[in-house]
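Look at the sequence and the model first, then read on.

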Amino acid sequence: MLYESGARGIGRDPKEAFKWYRMAAEYGDVDAESKLGIIYECSGHYDEALIWYRKAAGQGDGPAIWILDHLMDR
């Protein structure tokens, strides 16, 4: 999160933030899975976003469940 926000004197570095989110998500961190869903969705990679939203929702992540529910309504 620090690389994403640039807080605490760490320079903002979206590529480095993505790397760490991806690593954490691959180890099952639900917050990182949800965040990857958002990153992929915002960059237009919807299939990849769905993969991560589903993983996060499977662990009970409320925002991911909500997003999947609304995507399925379309």
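Leu50, Tyr53, Arg54, Ala56 and Ala57 of α4 contact Ala64, Ile65, Ile67, Leu68, Leu71 and Met72 of α5. By residue class, this α4–α5 contact has ten nonpolar residues, no polar ones and one charged. The model is predicted.

**Confidence**
- Mean pLDDT for the protein chain is 85.
- Of the residues, 81% score at least 70.
- Helix α4 (residues 46-58) has the highest confidence, at 94.
- Helix α1 (residues 2-5) has the lowest, at a mean of 54.

**α4 against α5**
- Helix α5 spans residues 62-72.
- The axes of α4 and α5 lie 8 Å apart, at an angle of about 130°.
- The two helices are therefore oblique to each other.
- Their crossing is left-handed.

**α3 against α4**
- Helix α3 covers residues 30-42.
- The axes of α3 and α4 come within 8 Å and cross at roughly 160°.
- That angle makes α3 roughly antiparallel to α4, the cut-off being over 145 degrees.
- The α3–α4 crossing is left-handed.
- From α3, the contact uses Val30, Glu33, Ser34, Leu36, Gly37, Ile38, Tyr40 and Glu41.
- From α4, the contact uses Tyr46, Glu48, Ala49, Trp52, Tyr53, Lys55 and Ala56.
- Nine of the residues in this contact are nonpolar, two are polar and four are charged.

**α2 against α3**
- The axes of α2 and α3 cross at roughly 130° and come within 8 Å.
- That makes α2 oblique to α3.
- The crossing of α2 past α3 is left-handed.
- Phe18, Tyr21, Arg22, Ala24 and Ala25 represent α2 in the contact.
- Ala32, Glu33, Lys35, Leu36, Ile39 and Tyr40 represent α3.
- The contact counts eight nonpolar residues, no polar ones and three charged.

**Aromatic pair**
- The whole structure holds one aromatic pair.
- Its members are phenylalanine 18 and tyrosine 40, arranged edge-to-face.
- The ring centres are 5.7 Å apart, with 85° between the planes.
- Phenylalanine 18 sits in helix α2 (residues 14-26) and tyrosine 40 in helix α3.
- The pair links distant parts of the chain, 22 residues apart.

**Residues in two contacts**
- Tyr53 and Ala56 of α4 meet α3, and both also meet α5.
- Glu33, Leu36 and Tyr40 of α3 take part in the contact with α2, and they also meet α4.

Technical notes:
Residues are numbered from 1 along each chain as its sequence is written. This is a predicted model: local features need pLDDT of at least 70, side-chain atom pairs count only at pLDDT 80 or more; totals for chains, interfaces and linings use all residues. Side-chain values use heavy atoms; hydrogens and water are left out. pLDDT is the predictor's confidence in each residue, from 0 to 100. Helices (H or I, at least four residues) and strands (E, at least two) are DSSP runs, numbered from the N terminus. Axes are lines fitted to C-alpha atoms, for helices over the stretch in contact, and angles run from 0 to 180 degrees between N-to-C directions. Angles under 35 degrees count as roughly parallel, over 145 as roughly antiparallel, 65 to 115 as roughly perpendicular and the rest as oblique. A crossing is left-handed if the near helix is turned anticlockwise from the far one by less than a right angle, and right-handed if clockwise. Contact means heavy atoms within 4.5 Å. Ala, Val, Leu, Ile, Met, Phe, Trp, Tyr, Cys and Pro count as nonpolar, Asp, Glu, Lys and Arg as charged, and the others, Gly among them, as polar. Rings of Phe, Tyr and Trp (its six-membered ring) pair if their centres lie within 6.5 Å; planes under 30 degrees apart count as stacked, over 60 as edge-to-face and the rest as tilted.
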